[in-house]
Amino acid sequence: MNTLTLQTPEVDLVYDIRTPTAADAGHRPLFMIGQPMCADGFATLASYFPDRTVVTYDPRGLGRSVRKDGRGDDVPEVQARDVRDIIDALGTGPVDMFASSGGAVTALALVAAYPDAVATLVAHEPPLVQVLPDAEAARRAMAACQEEYQKSGWGAGMAAFIAMTSWRGEFTDEYFAQPLPDPAAFGMPTEDDGSRDDPLLSDRAAAVTRFRPDVDALRAARTRVVVAVGEESADTFTGRTSVAAAELLGGKAAVFPSHHGGFLGEEMGHAGQPEAFARRLREILDGAA
């Protein structure tokens, strides 16, 4: 694996290139992106593609990619430009892409703005609040998680976030009538360490979750866009956003094994089914499903 840095006036983007260890059948490079997940979250999934060049990166302001623009927000269009710059630096032409969570939001912005950058995009569970029929209630639920984080710290905020993303169905009065969860019940710390800069729980995430994809541009792009959903995510927040996004693009969400982090290995905690996940991803990239 080679680690490279692309220096721009705004950020030093650090990315990794895994070269094939098996016979390369002429595949395009496979770029895997997340948000706020960094490159290390894709190590297990990448290992199941020994026949392809696999590229991963740390989004600006996260992990090893140090910002120089003095900003702290995570704007999908800006992240999309970063990814496009790395693709250009590869010099290989269009890539195939697996993008998960906030990375899937970045990828949808990328395809809309730079339609020649990606051949096939698998957008796994993008948290697109705006596409939900209960978008207003969903925004309220997310705001409550951020408020709890600002009030009581990371453990309390993360417990509220887990409860929100685990809720099945629309965010009803029943949901909002629940008491706030006990962080200890989720194995989270109950003490407040005083930090308030978590990229998932702070207001940095607002630009990601409130992004509205450019449906016309996505439909017009030559990129094959497949929105994916985990089989265990049915009726949860990101499961519902995936189904709704797929319908906006005129199709159905492709079902993948496991949950929102179904591609994760044991080293990341809350492991999914990475081997089965990789098989499903390969099927779609090869055009078999």
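Before anything else, a word on "buried": I use it for under 20% relative accessible area, with exposed being over 50% and partly exposed in between, using a 1.4 Å probe and protein chains only. Also, this is a predicted model, so local features need pLDDT of at least 70 and side-chain atom pairs count only at pLDDT 80 or more, while totals for chains, interfaces and linings use all residues. Residues are numbered from 1 along each chain as its sequence is written, and side-chain values use heavy atoms, with hydrogens and water left out.

So, F98. It counts as buried, at 0% relative accessibility. Which ring does F98 pair with, edge-to-face, at 5.5 Å centre to centre? That's F263, with 80° between the planes. By "pair" I mean rings of Phe, Tyr and Trp (its six-membered ring) with centres within 6.5 Å; planes under 30 degrees apart are stacked, over 60 edge-to-face, and the rest tilted. F98 sits in strand 6 and F263 in the loop between strand 9 (254-256) and helix 10 (274-285), so this pair links parts of the chain 165 residues apart. Helices and strands here are DSSP runs, H or I of at least four residues and E of at least two, numbered from the N terminus. F263 is buried as well.

Stepping back, the whole structure has eleven aromatic pairs. Another one is F42 with F98, also edge-to-face, at 6.4 Å centre to centre and 85° between the planes. F42 is in the loop between strand 3 (30-33) and helix 1 (43-47), and F98 is in strand 6 (residues 95-100), so that pair ties together parts 56 residues apart in sequence. F42 is buried too, at 0% relative accessible area.

Now, charges over rings, meaning NZ of Lys or CZ of Arg within 6 Å of the ring centre and within 35 degrees of the ring normal. R280 has its charged end over the ring of F256, 5.7 Å from the centre. Elsewhere, R140 lies over the face of F176, 3.7 Å from the ring centre.
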